[in-house]
Amino acid sequence: MIRFLIDSASDYDPKEAESRGIEYVPITVTIGDRAFSDNGELSKDQFYQMIQESEDFPKTAQPSPQEFLDIFERIKEEGDTLICILLSSGLSGTVQSATLAKNMADYEQIYIVDSLTATYAIKVLADYGLKLRDEGKTAEEIVESLENLKSKVKIYAVLDTLENLYRGGRLSKLEAGIGNIAKIKPLITITEEGKIGVKAKSIGKKKAFNDIQKLIASEEIDTSFPIYSLYSLGLENNEIFTENVRKIGIEFTDRLQIGPTIGTHIGEGAYGIVLVCR
């Protein structure tokens with residue numbers, strides 16, 4: 001039997017993953033002296049509230065090789081095949097941990113796909129993999145299809161605040177201060193190398209809404225795949241964004257909340273989209 005494994009950076013709902021038979025490896029999040037597994041133990045709103053109230057910036061830790069090995073050995077014992085679709089190697093060492101565990105398990109029927117992306121873009125890949133499996137495709141065919149698809153899955157998001165980038169050490173206090181004064185709203189993406197990239201630095205909310213709408217309109221979207229509207233904490237910006245995008249003829253499949261792994265760095269008020277290009 002072909003089975004799938006994802007990590008919690010996919011933001012895949014743990015209960016949905018369980019119901020679909022998907023193995024789920026949580027990433028650990030630490031805020032001050034409190035550590036928790038990103039497995040639904042805390043709601044996403046609770047997480048954002050915690051980082052707003054804490055003086056300590058959250059830290060995330062990739063799963064250990066042992067966490068993967070425990071699952072790999074069970075899969076090996078059961079004689080199944082496992083396809084792992086994991087957080088981008090450009091953002092985390094999760095792929096490295098899984099690769100080490102695969103070598104330790106010494107089992108050829110484990111395939112590791114470096115998604116080169118994050119959050120619900122991984123959900124798109126995992127759900128497509130499940131669809132191909134149910135259509136009778138082999139593991140090799142599924143992996144090849146996922147490798148072809150992953151460069152076509154795009155994430156675009158606008159940050160409403162620079163505070164989290166500053167607190168996380170991605171911006172200096174001066175850069176964040178200037179950015180906030182100028183009301184800069186970065187339009188970000190995940191690059192082909194699987195890293196965070198900046199598509200635009202929009203000045204003001206109105207310009208940011210226009211810039212992301214224009215970017216989306218320039219894409220040739222494959223509507224046979226879901227189109228997800230994303231938000232972090234608070235729906236106000238997302239609702240304006242969603243309405244603007246509908247005006248150019250795009251309907252969203254669902255509105256989904258970004259979880260701790262990416263939410264740590266983007267802060268409240270962020271909004272965006274996951275789509276697949278032709």
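## Surface and overall form

The protein exposes about 13100 Å², of which carbon and sulfur atoms supply 47% (Shrake-Rupley method, 1.4 Å probe; for residues, only the protein chains shown count as cover). The model is predicted: local features need pLDDT of at least 70, side-chain atom pairs count only at pLDDT 80 or more, and totals for chains, interfaces and linings use all residues. Residues are numbered from 1 along each chain as its sequence is written, and side-chain values use heavy atoms, with hydrogens and water left out.

There are 11 helices and 13 strands (DSSP runs numbered from the N terminus: H or I of at least four residues, and E of at least two). The radius of gyration is 19 Å, close to the 19 Å that the globule rule gives for 278 residues, so the protein is as compact as a globular protein of that length (taken over C-alpha atoms; the rule is 2.2 Å times the number of residues to the power 0.38). Of the 278 residues, 53% count as buried (under 20% relative accessible area, 1.4 Å probe, protein chains only).

## Helix α2

In helix α2 (residues 44-53), the residues Phe-47, Tyr-48, Met-50 and Ile-51 are buried. The buried residues of α2 fall within an arc of 155 degrees seen down its axis, so they line one face of the helix (directions from the helix axis to the C-beta atoms).

## Strand β8 and its partners

Strand β8 (residues 153-158) is largely enclosed by the rest of the structure, because 5 of its 6 residues are buried. β8 pairs in the antiparallel sense with strand β13 (residues 271-276) over 6 bridges (pairing requires at least two DSSP bridges), and Lys-154 stands opposite Leu-275 in β13.

β8 also pairs in the antiparallel sense with strand β9 (residues 184-190), over 3 bridges; here Tyr-156 stands opposite Thr-189.

Key:
Buried < 20%, exposed > 50% of the residue type's maximum accessible area, 1.4 Å probe, protein only.
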